[in-house]
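Please examine the structure shown below before reading on.

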Amino acid sequence: MPDGVAIIGVGFTSLQPSTPHLSFKELMFEAAQKAYLDAGVQASEIDSFVTCAEDLNEGLSIFDEYTPDQLGAVQKPMHTLTQDGLHGIADALMQIRSGIAELVVVEAHSKASNVKTPEWLLDYALDPIYNRPLGFNPHAVAGLEMNVFLHETGIRAEHCAQVAAKNRRNALRNPVAAYPLALTPMHVESSPYVAYPLREAEIAERADGCVVVVLANEARTQRSHSKAAWICGVGFANDSATLESRDWVRAEYIRIAAERAYRQASIQNPREIRLFEVDDTYAYKELQHLIALGLYSEGAEAGRSLEAGETKPDGKIPVNVSGGALGMGLSLEASGLYRVVELVLQLRGQASARQLADVRLGLAQSWRGVPTTSGAVVILGTEQPK
Amino acid sequence: MSARKVAVVGAGMTKFMHRALETPKELAWLAAKSALDSAVMNLSQIDCVVLGTAPDAFDGVHMKGEYLSDGCGGWKKPYLRCYVGGGTGVYAVAQAWFHVASGLFDTALVVCEEKMSSCLPHPQAAFLTIFDHITEQPLKPNLLWIFALEQTRYMETYGIALEDIARVSVKNKRNALDHPAAQLGANLTIKDILASEVMAWPVHRLMVSPTSDGAVAVVLAGEEIARRLSDRPVWIQGVGWCLDTAYWTNRDLAYPEYVEKAAWTAYRMAGIREPRKEINIAEPYDPFAYKELHHLEGLQLAPKGQAPKLLADGVFERNGDLPVTPSGGLLGVGNPIAAAGLMKICELFWQLRGEAGPRQVPGKPERGVAQAWGDLMQVGTVVVMGTKEPA
């Protein structure tokens, strides 16, 4: 990449199962103030703003109307993406590299507790003509996918339970996690089925929170006093939106996104990366995504490595040290940005009890949940890429 | 500026209509295919896809961008949906511009789709949900009301007569008679417009664009590919967008400052100092008749309060000094929200290439500006395009 782009500030709120005392605007205001302080910038200096939100999650149509005031973005370039926060990072990077902005802010939040009937809302994400009339809840899509994934890869249900237990346990060391718990795989396997073979304890619960990230071009980063996390690579992609024509075993959207990100970051072997923060909306998704990221050549290997503890915090490739979505809570469009926050803290050496040694390169990955095939990958490093 | 130059190399659209039989995905693909065909390209040559579409509430589909993705051609490709309410159609081109200008992608397919007819009995009901839960929704406002407020403020501030506003409808609906995809082309007089039903004073039915189904697409390419693909690429010379406060009740609605800011961002990038002299053709956003005039002033193409007079003098006619909305605009071609904005970009593409058929403005125009607007009278999005390669 010719022109370096870095994250020079992050601000975030604690994830909470519900936040009845705060509006989404107050969550955004808190995260924005923290991010601007962290980056050492004034809101007035920022050239452009990106927010990631979906109308139906917000309960407001044309949600971008309500974004500028609490971010200090009035009469500034501002737009919304109905995508995950990692797409927002890619968007900001492109704005900076095209030369129209030096400082760009990306915001994403979750006020999931406002949605009283999330399952019912998700029904509306199904194809209205071919799928919705069949009357199944979209968790069933995850159940079906998990079933074929286990069948085709040889990964066992116990492995998925181990993922859930690992991430909930990791969250015990994360003060902003909403669902920390010393869970054992046995506990997970005794929780009821939601959509066979998917169990309740393998589904991330929703949480409220907000993340604001400040990105800067090379010159601005060098002037900043904060410890920069350089963007080494970004990628995003969709597989088929249609249930009937997608790949149900492999997360193609992540394979394609990762390929681009690795190429930009000049990474030949993904194991050069020190830690991974990947989507684990459903426990099996962590394994599916790790395979798509190229860490395992075949499924059974992913299962064996998990058993050997490779993805634990003290393993060779720690995955979701933060607790992931299972441990921290699923924060809708902010999910990817909470993964980025963990990378930034680890790269800066500010992850306190979770801090890993020698972190120079980390990867964050997101998925937009059922029934989508939309995902993104961001690779961050302490060194500016060549 | 060091950014890579970007051009539009293909454009296509479906007919705008009241109730299309096609599904939203099918509409999106019909437009995408026709844009690809016009660029003589196929989907495998497209590096990324950008979708623009307005509220999910119209289609009743949650995560509508994801639902539409394969219809748009965003299959096993980088794909995203950008969104600034009614301003989306023009903004989507700015979004795709920086996808290519950044060097991350060489080509981009921009698709804007809207199917409003699925919202029964009328999509206006979906607009109730755009207002603030606490301070506004209890008053049960709708778009007609708030735009009636803005139109009144505009007329009062500058002493503008209703006839001056009605003239926009006459011009645009007449221009649309020459547009093969138009929904509401008509030969009407000022008297006809003023005799139509009052929706919310001073807004009359024929001063309001219809609700529509339709899709539009354009193909963008970086300079190397653009030159190779086409001997007449239309260059994107400037882009700008600007979002004002959500508290619209605290603003003076007589003048759209956010449009001015977005316009100057785009003009500066395009090296334009005197917009009135350096722009040959304008496609401002005209969902309501007064908005075209309001936006021409925001775009610096008419002094404040003077756009109605220039219109009456014939300056904005197709053969006038500054042809405005030669397509027929939203009032004439139709208003499938995001798709309507992108239709304006298509019109510039065809006009600047001399391919606009009976709509062609005389004098070989070299540069045009398209603009859209949306949210709570709050966002301005502007794209400047021209036949000359940017410096």
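## A strand pair across the two chains

In this predicted model, β3(A) pairs with strand β3 (residues 79-83) of chain B in the antiparallel sense, over two bridges. Two strands are said to pair if DSSP finds at least two bridges between them. Helices (H or I, at least four residues) and strands (E, at least two) are DSSP runs, numbered from the N terminus. Within this pair, A:Leu81 stands opposite B:Cys82.

## Basis of the values

Residues are numbered from 1 along each chain as its sequence is written, and chains are lettered from A and ligands numbered from 1 in the order in which they are written. The model is predicted, so local features need pLDDT of at least 70 and side-chain atom pairs count only at pLDDT 80 or more, while totals for chains, interfaces and linings use all residues; side-chain values use heavy atoms, with hydrogens and water left out.

## The interface of chain A and chain B

The size of an interface is often given as the accessible area lost when the parts come together. Here the area buried between chain A and chain B is about 5200 Å², and carbon and sulfur atoms give 56% of it. Buried area is the accessible area (1.4 Å probe) that two parts lose on being put together, summed over both. In chain A, the residues that lose the most area to chain B are A:Gln75, A:Met94 and A:Asn238, together 13% of what that side buries. In terms of contact (heavy atoms within 4.5 Å), 64 residues of chain A meet 59 residues of chain B.

Three salt bridges are counted between the chains; a salt bridge is a side-chain nitrogen of Lys or Arg within 4 Å of a carboxyl oxygen of Asp or Glu. The side chains of A:Asp239 and B:Lys76 meet in a salt bridge, at 3.5 Å from N to O.

On the side of chain A that touches chain B, the elements that give two or more residues are α2 (55-58), β3 (78-81), α3 (85-97), α4 (118-123), β8 (229-238) and α9 (252-264) of chain A. The most comes from α3(A), with six residues.

## A side chain in helix α9 of chain A

A:Gln264 is placed in helix α9 of chain A. Is A:Gln264 buried or exposed? A:Gln264 is buried, because its relative accessible area is 18% and buried means under 20%, exposed over 50% and partly exposed in between (1.4 Å probe, protein chains only). A polar atom of the side chain of A:Gln264 lies 2.9 Å from the backbone nitrogen of A:Val234.

## Covered strands of chain B

Strand β2 (residues 48-52) of chain B has five of its five residues buried, so it is largely enclosed by the rest of the structure. On one side are B:Cys48, B:Val50 and B:Gly52, and on the other B:Val49 and B:Leu51. This strand, β2(B), runs parallel to strand β4 (residues 107-115) of chain B, joined by five bridges, and also pairs in the parallel sense with β3(B) over four bridges. B:Gly52 has B:Cys112 as its bridge partner in β4(B) and stands opposite B:Cys82 in β3(B).

Strand β7 (residues 213-222) of chain B is mostly covered, with ten of its ten residues buried. Strand β1 (residues 6-13) of chain B pairs with β7(B) in the antiparallel sense over seven bridges, and B:Val8 has B:Leu220 as its bridge partner. β4(B) also pairs with β7(B) in the antiparallel sense, over nine bridges.

## A hairpin in chain B

Strand β10 (residues 367-374) of chain B is mostly covered, with eight of its eight residues buried. Three bridges join β10(B) to strand β9 (residues 281-283) of chain B, and these two run parallel. With strand β11 (residues 379-386) of chain B, β10(B) pairs in the antiparallel sense over eight bridges, and B:Gly374 stands opposite B:Val379. β10(B) and β11(B) form a hairpin with four residues between them, and B:Asp375 in the turn has a positive phi of about 60°.

Note on methods. A polar contact is a pair of N or O atoms within 3.5 Å; within protein, one must be able to donate a hydrogen and the other to accept it, and residues adjacent in sequence count only if both atoms are side-chain atoms.
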